[in-house]
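Please look over the sequence and the model before reading on.

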Amino acid sequence: MSKPIYKSDEEIELIRQNCLLVSKTLAHIAGHLKEGVLGADLDEMAETFIRDHGALPGFKGLYGCPSTLLISKNEVVVHGLPSDVPFQNGDIVSIDCGVYHNEFYGDAAYTFAIGEIDPDVMKLLVVTKDSLALGISQAKLDNRLGDVSHAIQHYTERVHGYSVVRDLVGHGLGRKLHEKPEVPNYGKRGRGIRLEEGLVIAIEPMINMGTKSVRQAKDGWTIYTKDKKPSAHFEHTIAVRKDGPDILSDHGIIEEVIDKNENLQKVSLKS
Ligand code: MG
Ligand code: MG
């Protein structure tokens, strides 16, 4: 098994710029997201936005991926392809985006809530997003990777009764989109590699309301829940630093746009 590649401060700054562009792309998309819009149109918009900023889409062409965005609605966990099926009131839509620039990648994802969302589904979104924050809080020097994984699993499964997808995991990120180590959203405290300065990982809980079992569609990409119940997905790329986890992507700029878009519901239990 190859070892993780630790990044210098300069390399982390390049990855941060890329992750910020991913976040800005998702924010740009959030401004256009509403009932009736087509994923295929958002995909074109995202590619133009990224290229206009002097970068390249990170996913398109990688492993044969046909698109800039991966758009995963409702029972689709991840890796949904942009389509011509209009978004509907009540859809939850995970949008995952990567960019490549200056020889490094950036990666982040956010699940959006279109129109009136079933309160049980909104709770799934809130819990998944909170589990990402809990996982990140464990990504500190001298902790183990299993501490991150365990925090996510404990909160989503034990506390809330949801299930963690086992077949897909987060990942190291750098000159390649997917580097060592794998970052599972399940695991045991105190296990796995020790977290050292300069480790850059994408942490991305994929949490199902029902069974953890997933299936792949005939398109070879789309992963959906076996029981067709909803699934949520939030992703940040972070660096392990001396003074704690450094979140390189930014959900805040996405949420500023969500707050202004009356067609989207904030991921929150209060609204
Ligand atoms: Mg991603
Ligand atoms: Mg990722």
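At what angle do the axes of helix α3 and helix α4 cross?

## The α3 and α4 pair

The model is a predicted one. In it, the axes of helix α3 (residues 119–137) and helix α4 (residues 145–159) cross at roughly 150° and come within 8 Å. Angles over 145 degrees count as roughly antiparallel, and α3 and α4 are therefore roughly antiparallel to each other. The crossing in which α3 passes α4 is right-handed.

On the α3 side, the contact is made by Val127, Asp130, Ser131, Leu134 and Gly135. On the α4 side, Val148, Ala151, Ile152, Tyr155 and Thr156 take part. Sorted by class, the residues in this contact of α3 with α4 are six nonpolar, three polar and one charged.

## The magnesium site

A magnesium ion (ligand 2) lies 3.1 Å from the magnesium ion (ligand 1), and Asp107 coordinates both. Distant parts of the chain are linked here: Asp107 belongs to strand β5 (residues 104–114), while Glu235 is in the loop between β13 (231–233) and β14 (236–241), and the two residues are 128 residues apart.

## Burial at the site

Are Asp107 and Glu235 buried or exposed? Both Asp107 and Glu235 are buried.

Technical notes:
Residues numbered from 1 in each chain as written. Chains lettered and ligands numbered in written order. Predicted model: local features only at pLDDT ≥ 70, side-chain atom pairs only at ≥ 80, totals over all residues. Heavy atoms only, no water. Axes fitted to C-alpha atoms, helices over the stretch in contact; angles between N-to-C directions. Helix = DSSP H or I, 4+ residues; strand = E, 2+ residues; numbered from the N terminus. Parallel < 35°, antiparallel > 145°, perpendicular 65-115°, else oblique. Left-handed = near helix turned anticlockwise from the far one by under 90°. Contact = heavy atoms within 4.5 Å. Nonpolar A, V, L, I, M, F, W, Y, C, P; charged D, E, K, R; others polar. Donors = N, O, S within 2.8 Å, 3.2 Å for Na, K, Ca; no water. Buried < 20%, exposed > 50% of the residue type's maximum accessible area, 1.4 Å probe, protein only.
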